[in-house]
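This note is a colleague's commentary on one structure, written for a reader who is new to such models. Please keep the sequence and the structure open while reading.

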Amino acid sequence: MLDYVGLEGDLTEEETLIRDTARRFVDEQFRPDIAEHFENGTFPTELIPEMGELGFYAPNLEGYGLPGVSETAYGILMQELEAGDSGLRSMASVQGALVMYPIHAFGSDEQKEKWLPDLGMGEAVGCFGLTEPEHGSNPSAMETHAEREGDEYVLNGSKTWITNSPIADVAVVWAKDRSDDDTVRGFLVETDRDGVTTNKIDDKISLRASITGEIGLQNVRIPEENVLPGVRGMKGPLSCLSQARYGIAWGAVGAARDAFEQARQYALDRDQFGGPIARFQLQQQKLAEMATQITTSQLLAYRMAELKERGDLTPGHISMGKRNNVRMARDQSRVAREILGGNGITTDYSPMRHMANMETVYTYEGTHDIHTLILGQDLTGIAAFE
């Protein structure tokens, strides 16, 4: 895989092992069937426990059977999974960064003991309920609410575009607590409770190898011990999104690298006008620009890992990484498809699948425009979205 400036030469033994394990898993267990899953709009759920056994869920957290690997190792894992498909990285990213992380960071000891081992091993699946039908980029305007009744809470509302919801055992639902001045709180909602529905969203033309759905809450009763005690307000969900966006910035590099490698090999193998098309200046220009853009994004991802490891990574840094790297992958996967010519529109090759997926990644976890405004506020001190 493309590593033009030799960044992977500085990986530790553990980081190299994680890279090789994830790459082998993708090549042997996932890649042979991804075209069929993409066409059918399915995800290989049988791989979920195996991913748990390999430590793919929140490996950068510690305790409860979690290995506590470096932030670079976690980023490389996301990179290798997204080289397979954005749906694969999304599964691991949601499970780890959006479900396990808030339980680990804000949960009670009982909540951690109940959920983290099973989620970490893939024996349970989680989802993250924040986005609503009428509130995407402005989640603080959420309408989902909870009211306390004795030692229970009653939840009502709806969430949409929720990765994993149709197969989830538990949902981390963010709702306004009407008993506490509409303060946003996190609630652990088992999906088999009365009043919970998790309808699947079909007919997607992007991120097809990912199970996406809704969460409907109609007078759902949960005990008080299901409330995350360690956080109040929008800091809760936004801190989860920061974890996930960090992984996305790495994952997008993986998708772009995979598209590049397929395009480069195709250019070397494809004969036209008496030789490989890789000898033509136009094709070399495309490959050179792709390699430069991917390498630049790699450098940004590695720097983010260094900052995160020492506690200096800011939301602005994460917005820059997510915004730049996803845009790069969106653009460069299209160039890779150009090199493949007509063959590039088939599922025999990955670039157009990555290109379609990037349209979703470009929008979810904060749209490209929202991350632009976050950076704008960081640079000027003026919030353009208020």
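1. Basis of the model. The model is predicted, so local features need pLDDT of at least 70 and side-chain atom pairs count only at pLDDT 80 or more, while totals for chains, interfaces and linings use all residues. Residues are numbered from 1 along each chain as its sequence is written, and side-chain values use heavy atoms, with hydrogens and water left out.

2. Salt bridges in total. The structure holds 25 salt bridges. The term denotes a side-chain nitrogen of Lys or Arg within 4 Å of a carboxyl oxygen of Asp or Glu. Salt bridges with shared partners link E8, R19, D20, R23, E80 and R257 into one network.

3. The pair R31 and D27. These two residues form a salt bridge in which the closest N and O atoms are 3.1 Å apart. R31 is partly exposed at 26% relative accessibility, and D27 is partly exposed at 38%. In this note, buried means under 20% relative accessible area, exposed means over 50%, and partly exposed lies in between (1.4 Å probe, protein chains only).

4. The pair E224 and R148. The side chains of E224 and R148 meet in a salt bridge, with 2.8 Å from N to O. E224 is in the loop between strand 9 (212–223) and helix 7 (235–269), whereas R148 is in strand 4 (residues 145–149), so the pair ties together parts that are 76 residues apart in sequence. Helices (H or I, at least four residues) and strands (E, at least two) are DSSP runs, numbered from the N terminus. Both partners are partly exposed: E224 has a relative accessibility of 35%, and R148 has a relative accessible area of 37%.

5. The pair R330 and E359. A salt bridge joins R330 to E359, with 3.0 Å between the closest N and O atoms. R330 belongs to helix 9 (residues 315–340) and E359 to helix 10 (residues 351–361), so this pair ties together parts that are 29 residues apart in sequence. R330 is partly exposed at 22%, and E359 is partly exposed at 36%.

6. The cysteines. How many disulfides does the rule give? The count comes to zero, a disulfide being a pair of cysteine sulfur atoms within 2.5 Å. C127 is in no disulfide, and the nearest cysteine sulfur, that of C240, is 13 Å away. C240 is likewise in no disulfide, its nearest cysteine sulfur being that of C127. C127 is buried at 0% relative accessibility, and C240 is also buried at 0%.

7. The negative patch. E53, D118, E123, D169, D192 and D194 form a negative surface patch. Patches are made of residues with over 30% relative accessible area and no salt bridge; like charges are joined within 9 Å, and nonpolar side chains (Val, Leu, Ile, Met, Phe, Trp, Tyr) within 5 Å. Lys and Arg count as positive and Asp and Glu as negative, while His and the chain ends are not counted. The place of a charge is taken as NZ of Lys, CZ of Arg, CG of Asp or CD of Glu.

8. The nonpolar patch. Y4, V5 and L299 form a nonpolar patch on the surface, with about 340 Å² of accessible area together. Accessible areas come from the Shrake-Rupley method with a 1.4 Å probe, and for residues only the protein chains shown count as cover. V5 lies in the segment before helix 1 (13–30) and is partly exposed, with a relative accessible area of 45%.

9. Positive phi values. Y64 is in the loop between strand 1 (62–63) and strand 2 (66–67) and is partly exposed at 31%. L207 also has a positive phi, near 50°. L207 lies in the loop between strand 8 (196–197) and strand 9, and at 4% relative accessibility L207 is buried.

10. L77 is located in helix 4 (residues 71–84) and is buried, with a relative accessible area of 1%. The C-alpha atoms of L77 and D331 are separated by 23 Å, and these residues are 254 residues apart along the chain. L238 is found in helix 7 and is partly exposed, with a relative accessible area of 37%. Between the C-alpha atoms of L238 and G157, 81 residues apart along the chain, the separation is 20 Å.
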